[in-house]
Amino acid sequence: MKCPHAAGHRSTPGGGAVVIDPMVQDLDGETARLREAGTLARIELLGVPAWTVTRHAEARRLLVDPRLVKDIGVWELWRSGAVTRDWPLIGMIDAGRSMFTVDGDEHRRLRTKTSQALTPRRLEALRPDIERFTEELLGHLQEQGGDGGVVDLKSVFAQPLPMRVVGMLMGVDEDRHPMLMKRYKAFFSMLTPQEERLALLDELDVFYYALVRERTARPGDDLTSALILAEEGGDPLTEEEVVGNLKAMVAAGHETTIGLILNAVRALLAHPDQLRMVLDGRIGWDAVIEETLRWDTPTTHLLMRFATEDIQVGDQVIGRGEGVAISYRAIGRDTEQHGGDADAFDITRPTPIRHMTFGHGPHICPGAALSRVEAAIALPALFGRFPGLRLAVPDEEIRKLPVMTQNDMESFPVLLG
Ligand code: STR
């Protein structure tokens, strides 16, 4: 990669960029530094400069601003060749044509069926399956940790559950799940060499194209088949678009919900008084889920949108062609939105639902309701079965994965109690 700094990035008055740490060694410190750097902060992503939005109110405005688009072709650093596919984060942006990468009328065309399939009403039909998966995986926990030994809540429960749910929804057979989980882990990890990441993305494409062809020949009652079939009189998605949406659904449905489930368990175990309130029925699981989403967001930074023209934000200007990330973790800790104690986990706060963790505007997370249903089934079932659940190591020893955009941990060793 050529030096991107040479490409004429405008600097903020007086401020150096916050360098985002690929090893995620101090996430809370970094979040605080981002908030200190201002509403619109300069960041550096592995040598590549960008802006990021750190405040709730400003993100709400910018996420509906049509001058910010997903089209990588607008990015000056990409057009000039300063950023290439050698950059380890390129797969987060240049991810094929899908509802994640397109705006405007085309975006509506790509997204409508998916959002219709994921309304709270439609999701009621999935509930029995999610409950069945949950029971099965709780059985695996019992088998592996029932003798009083340490068991990894991540690999045995929090990771396979969302994979099974999104696999069922999209029509991906269970025997493919280990392959997908392994590849996505390597995709997100900054320790994976870039040639390896590009190769595994190609392998995933081969898999997804084969799946789409199979469903084209023999449609099932999954969402992939629905995406292939044209509405009466409607115009069908292209094969590339179906593959793009399928990839986005599997990657997002699996990776983010792991974080939601594990972060909620971790927060409750670290706040036993609050756990007691939930187990006594004094406060609902929905409060736990919403507060976890705000306080410990599964997505740390969402990459990336690009300015089609200069955009004034306070006394700063996002220059035409520059990249803008959204720092959801910082936004969840916004004191203007959540009060002076925004850094505290508190399920009794009056307005926990006013977070923006699922985004805002046309690209707002289509899977939000699904992830809430998953967590609302998984968490009470887990604590119902193992009320004495506790961490097997001190909380400070839990390691974050070296992933720049997602908030995920290496493992979560517990004792079932
Ligand atoms: C991963 C790689 C890929 O093949 C397709 C996508 C598109 C959807 C992206 C996904 C990515 C990364 C994780 C995202 C997801 C949408 C929601 C999820 C960004 C780039 C979040 O973390 C919010």
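This is a predicted model: local features need pLDDT of at least 70, side-chain atom pairs count only at pLDDT 80 or more; totals for chains, interfaces and linings use all residues.
Q: How many cavities does a search of the whole structure find?
A: Rolling a probe the size of a water molecule over the atoms shows where empty space is left. Here the search finds 4 cavities of 30 Å³ or more. The volume of the largest cavity is about 60 Å³.

Q: Which residues line the largest cavity?
A: The lining consists of Lys-154, Gln-159, Met-181, Tyr-184, Lys-185, Phe-188, His-254, Glu-255, Leu-401, Val-403 and Asp-408. Helix α9 gives the most, with 4 residues. Sorted by class, the lining has 5 nonpolar, 2 polar and 4 charged residues.

Q: What lines the second largest pocket?
A: This pocket has a volume of about 460 Å³. Its lining is made of 22 residues, and Leu-27, Asp-28, Arg-266, Ile-398 and Lys-400 are those nearest the centre. At least two lining residues come from each of α1 (27-36) and α12. The largest share, 3 residues, belongs to α12. By class, the lining of this pocket counts 8 nonpolar, 2 polar and 12 charged residues.

Q: What span should helix α6 have, going by its number of residues?
A: Helix α6 covers residues 127-145, which is 19 residues; at 1.5 Å a residue, it should span 27 Å. The C-alpha atoms at its ends are 26 Å apart, in agreement with that value.

Q: Which residues of α6 are buried, and what covers them?
A: The buried residues of α6 are Ile-130, Phe-133, Thr-134, Leu-137, Leu-138, Gly-139, Leu-141 and Gly-145. The elements that cover them include β5 (151-152), α7 (153-158), α8 (160-170) and α17 (368-385).

Q: How many salt bridges does the structure hold?
A: Side chains of opposite charge can pair when their charged atoms come close. This structure holds 31 salt bridges.

Q: Where in a helix do Asp-105 and Arg-108 lie relative to each other?
A: An α-helix has 3.6 residues a turn, so residues three or four places apart point the same way. Asp-105 and Arg-108 are 3 residues apart in helix α4 (residues 104-117), so about one helical turn separates them. They form a salt bridge in which the closest N and O atoms are 2.4 Å apart. Both residues are exposed.

Q: What joins Arg-132 and Asp-129?
A: Their side chains meet in a salt bridge, at 2.6 Å from N to O. Both residues lie in helix α6, 3 residues apart, about one turn of the helix. Arg-132 counts as partly exposed because its relative accessibility is 43%. Asp-129 is partly exposed as well, with a relative accessible area of 22%.

Q: Which residue forms a salt bridge with Lys-154?
A: The partner is Asp-408, and the closest N and O atoms of the pair are 3.2 Å apart. Lys-154 lies in helix α7 and Asp-408 in the loop between β10 (390-391) and β11 (413-415), so the pair ties together parts that are 254 residues apart in sequence. Lys-154 counts as buried, at 5% relative accessibility. Asp-408 is buried too, with a relative accessible area of 4%.

Q: Which residues do salt bridges with shared partners join into one network?
A: The network consists of Asp-28, Asp-296, Arg-329, Arg-333 and Asp-343. One of these, Asp-28, is also among the residues nearest the centre of the second largest pocket.

Methods
Residues are numbered from 1 along each chain as its sequence is written. Side-chain values use heavy atoms; hydrogens and water are left out. On a 1 Å grid over the protein atoms alone, a cavity is a set of points where a 1.4 Å probe fits but cannot get out, and a pocket is an open set with protein on both sides within 12 Å along at least five of seven lines; lining residues have an atom within 4 Å of a point. Grid points are joined across faces, edges and corners, and a volume is the space filled by probe spheres set on the points. Ala, Val, Leu, Ile, Met, Phe, Trp, Tyr, Cys and Pro count as nonpolar, Asp, Glu, Lys and Arg as charged, and the others, Gly among them, as polar. The expected span of a helix is 1.5 Å times one less than its number of residues. Buried means under 20% relative accessible area, exposed over 50%, partly exposed in between (1.4 Å probe, protein chains only). Contact means heavy atoms within 4.5 Å. A salt bridge is a side-chain nitrogen of Lys or Arg within 4 Å of a carboxyl oxygen of Asp or Glu.
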